[in-house]
Structure formats: C-alpha cells, structure tokens
Amino acid sequence: MNEELVKRFAPVLFLHPEEKFVPVDAKRYIENANLWSAKGKLDDKNNWGGVAPAAFPRQPLVAAGDLSGLAAENGKLIDSDPLRPQNPDEEMFLEMGGWKDAALMHEAGVTATSTNVYADRTAIADKYAEAALKESRFWYHCEMYDGARLALMASRAAPPDVSRFITANSALLCYYMFFPAHVQSVAVDECNDTVSQEVACHAGDWQCMAILLEGDGSGVAARYKPQFFGCTGARPYAADAAETRPSQFDEDGLTVMKVERWRPATGPARDLPAVDENSHPRLFVALGSHSLYTVSGGVAVQPYRNGQEPQWCGTFDTPSAMPEGYGESDDDDDDGGFGSFAAFFAKFLTGLGTAGAPGAVIGVLAASAEGNLGWGLTVTGSTEDRPNPDQAAAAGAGRTIRPKGVTVAGAGPADTVDEWKVQQNLRIDRRRYDYLVDRDTQRWWPNDDLETGYRGRWGQRVTADFLPRRSGPRFPDYLKMFFHALAAGDVEKKFEDI
C-alpha cells in the first residue's frame, strides 16, 4: 500500500461541541468487547449466548479481553471456526457497556428479568475515559484498492457497469472511521420521550470517506489526481427526484454513501470538498449520527428507506418492513393476522412504550377515521415521524482532528485540536496495532474471499428490534456502495457541470 498517498489525503474532521464520541481504533474496541451469538429470532434475548444450557443469566461466547483480531496474538481469533455462524439464522455481535431498560437504568447482562431494549451508551463513554481505551481515540483505518483489485471487485458488484471509471492506474482510498456509539432520534419537538429519542440509537457506528484517484503509472503519490469523492451518513432530504444527489444505501438500510466529482467547478458540489494544504478534505461530523458533510449547518435528512419510517414517535415500526413470518402464530389455526398484529406492537408490548409513550399511540387503538391499518384499525393523517435534522457545527466550534503537522484554517483554540494518532506497527502489551487495512491478516474485516473475516455486528443486539435499528451495524460494503452511487450519478447525468 502507498502510505504516502494515504497520508496525502487524510481528512480533517470538525466535531460538534456536544459530541461525546470520536473515531477510535476498531481493534482495541474488539479486544475490550464481549462476543455473543444470536440464533433464530435475533432480537429475542432467549436466543442469545453461547452453547451453555438455556438457563439465565446468558453468557457471551468470548468474554472481554479474550478476543483477538490477529492470529499471532493471544486470545480467540474473531473469525475462527468456533466463532463463525454455523447456519443461516445465526449471527455474532460485539457488546461493550451492556444494556439499559425503558427507564434508562443500566443492565449489565442478560437475565430472566432484564429487558435489554437499548445499548447503554453512557457506559460505553465511561469505558473510553479509562486508560485502556482512552489512547485508542483519534484513529482511522485506511484501505487502498489498486486498479487490478478495483476491476475484480467491480465485476462482483452487480449491475450497473462501472468499468469505464477504472483503469490499471486507478486507486480508491477508503478511510474508515469507527465511533463507539450512534445517536439518532425522531420528532424531538413533538415527542421528547425515551422511545423517540432512542429509536435509532445503537452501539458501534462506521463511517467512510472514499476518494477515487487516477495515477500516471509511476506510483508516485504526488502524481495521483482525485476524480470522485464519497462520504457516508444519513440520506439527505430531497423534495423531489430531480433534487436527489447520487447515493446508495448499505444492505441494512442504515447509512448511505454520497458520491460527487472531486471539487467540480460548477453545480451543487462546487469546489467541494474544501481542502487544507491542497489535499486534506474538510469534513463536518453531525452530532450523534456522525454523518459526514462537506459543509456545516443543519441538514434535513431522510435516514430511512422509503416505506420503513418509524411511526408515532418511534413506538411502532412500519408493518410492511417486518421480515416475512415475524410474529406468526405457531398454531395451525388461522389467527386472522394476529401474529402480524403482535409483531407490529412488539415494541409497545415489551415495555418500549412505557417510558413516556405519547397519548396518540394509545389512542390509535380506538381510532376510527381515514387510513386503514389492517386488523380493523384506522388512523387520521400521517403516522410517519419527522426525522430530526443532522447538526454539523462550524469549523472551530467543537473539537478538530487533523493530520499531524497540517495547518487547518479556523481550527479553533489549541486545547480543542487533536492530531490523528494513527501508526503502523504500534506495540502495546504484546499486541500490534496498524491503521492500514490488510484483510488477510486483520481478521475483523470481511475478506474479499466472501467467507473469512468477521461479518457480525459491531454493537449489541437489543430486544424487539426486528428491522434492526437499535442493534449495532454490520461493517458496510463501502466499495459496492461507492460503485453503485457512482454509476447512478453517471446514468442520471448528475456529474455534468451545471
């Protein structure tokens, strides 16, 4: 990998002054997390744990401190055969900090009486105030795809074809940033209750900045020229299709990759991203959600796939989004749709609706006006929750993270400016830490072979979360997302100068 090229385009991050989480080393997160398995209905705590008997309390497969990301180090390798899913209805998830209930009281484990409805983000923040994890902050991981690997991966990405954007001299840099937790709420002005505030909050949060470059064949870092730029986060709101910009959801529908030409002369992305010292993109990180933007300010968003929007202050999830068969009765008798009805109200019935649920939610049970919900229920008007806008603060308003030695315009006071601490071959307590991605040796990345590598979730599973929204995410396929957004923008002529 061309480390000089990686350092040339390393980003500058501007964080919101109220932000509690910063990018950290994913390997050290793994080493301090418990690894669990989930089988069957994955949001049911009765299906979590190792191979122990079905009694409570449940136990993780691997306890914190005993998990390894490299084969040569002590501990159980995260993608070793015993820790891989054994069948299609099983997955693994990492857990740090435990859970909390609907009253926001901490739950350290999975017991007969625990509810496990939310990840405890405060406990995660407390972990990063301790010495063991404090030094892992201000870290990114970078992966470089050369022209040959890009061509191979593009052939696997499925239509549409992006081969015309790739040559033997192409390179794609992906800067992966891992935040220990994610905060995303709905309808804060109308609801202001626990359910709406926690509707899409979870442990673990991946973001990515990607730059497609073209070299001259020499391999010299200074001779690569940026062609396209991508960054991830919530899908921006567009009033109609004509206003949409190129983007692509990940497989779970939790984040999108937004792609534009690199610093075009005209159009909505004119001269963006702004850069420091000619090559370091300036990114504004939205409070809590960690969406990446090239400008600061409030951003209206459409964070959910169409038809999967939360309902009634987040108390219900869209019925059409539920997996086939979720909540179905085990009886052979026709239940008149009651199984689906039960799944629709799963959050409410498991206690999510007990912490300040709005009266409108209760009232819907007896509503009798326009809009048929099925099961004999009707409602009046729109039931979708209005997403809260992303808030990306101006440069210098909060903490700034910059590459070492780079002068950043408007960075703010010196005590609010940090440098990226990324290193290669950093040794701590007989463990090794690198920031350059090697999927063959670093086993926490899904491997190109489509088999090895960790493919589980980066935060704890929670109960009554069938989409899921409040459980940790899987590592997104950013390359595939970039390809599809690039191709869509090309077909729709979004990259042409306006």
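1. Does Lys421 count as buried, exposed or partly exposed? Lys421 has 30% relative accessibility, so Lys421 counts as partly exposed, a class that lies between under 20% and over 50%. Note that this is a predicted model.

2. Lys421 forms a salt bridge with Glu135, with 3.4 Å between the closest N and O atoms. The two residues are 286 apart in the chain: Glu135 sits in the loop between helix H4 and strand S9, and Lys421 in the loop between strand S23 and strand S24. Glu135 is also partly exposed, at 48% relative accessible area.

3. Arg121 and Glu198 form another salt bridge, the closest N and O atoms being 2.8 Å apart. This pair too links distant parts of the chain, from helix H3 to the loop between helix H6 and strand S11.

4. The structure holds 30 salt bridges. Some share partners: Glu91, Asp252, Arg457, Arg461 and Arg474 are joined in this way into one network.

5. The largest nonpolar core has 90 residues, and Tyr140 is among those that touch the most other members. Strand S10 supplies the largest share of this core, 10 residues. Beyond its neighbours within four places in sequence, Tyr140 is in contact with residues including Val6, Tyr176 and Trp420. A second, separate core has 13 residues, Phe284 and Val301 among them.

6. The largest pocket has a volume of about 820 Å³. It is lined by 34 residues, and those closest to its centre are Pro236, Arg245, Pro246, Lys258 and Glu260. Strand S14 gives the most to the lining, 5 residues. By class, the lining has 19 nonpolar, 8 polar and 7 charged residues.

Note on methods. Residues are numbered from 1 along each chain as its sequence is written. This is a predicted model: local features need pLDDT of at least 70, side-chain atom pairs count only at pLDDT 80 or more; totals for chains, interfaces and linings use all residues. Side-chain values use heavy atoms; hydrogens and water are left out. On a 1 Å grid over the protein atoms alone, a cavity is a set of points where a 1.4 Å probe fits but cannot get out, and a pocket is an open set with protein on both sides within 12 Å along at least five of seven lines; lining residues have an atom within 4 Å of a point. Grid points are joined across faces, edges and corners, and a volume is the space filled by probe spheres set on the points. Helices (H or I, at least four residues) and strands (E, at least two) are DSSP runs, numbered from the N terminus. Ala, Val, Leu, Ile, Met, Phe, Trp, Tyr, Cys and Pro count as nonpolar, Asp, Glu, Lys and Arg as charged, and the others, Gly among them, as polar. A nonpolar core is a set of buried Ala, Val, Leu, Ile, Met, Phe, Trp, Tyr and Cys residues joined through side-chain atoms within 4.5 Å. Buried means under 20% relative accessible area, exposed over 50%, partly exposed in between (1.4 Å probe, protein chains only). Contact means heavy atoms within 4.5 Å. A salt bridge is a side-chain nitrogen of Lys or Arg within 4 Å of a carboxyl oxygen of Asp or Glu.
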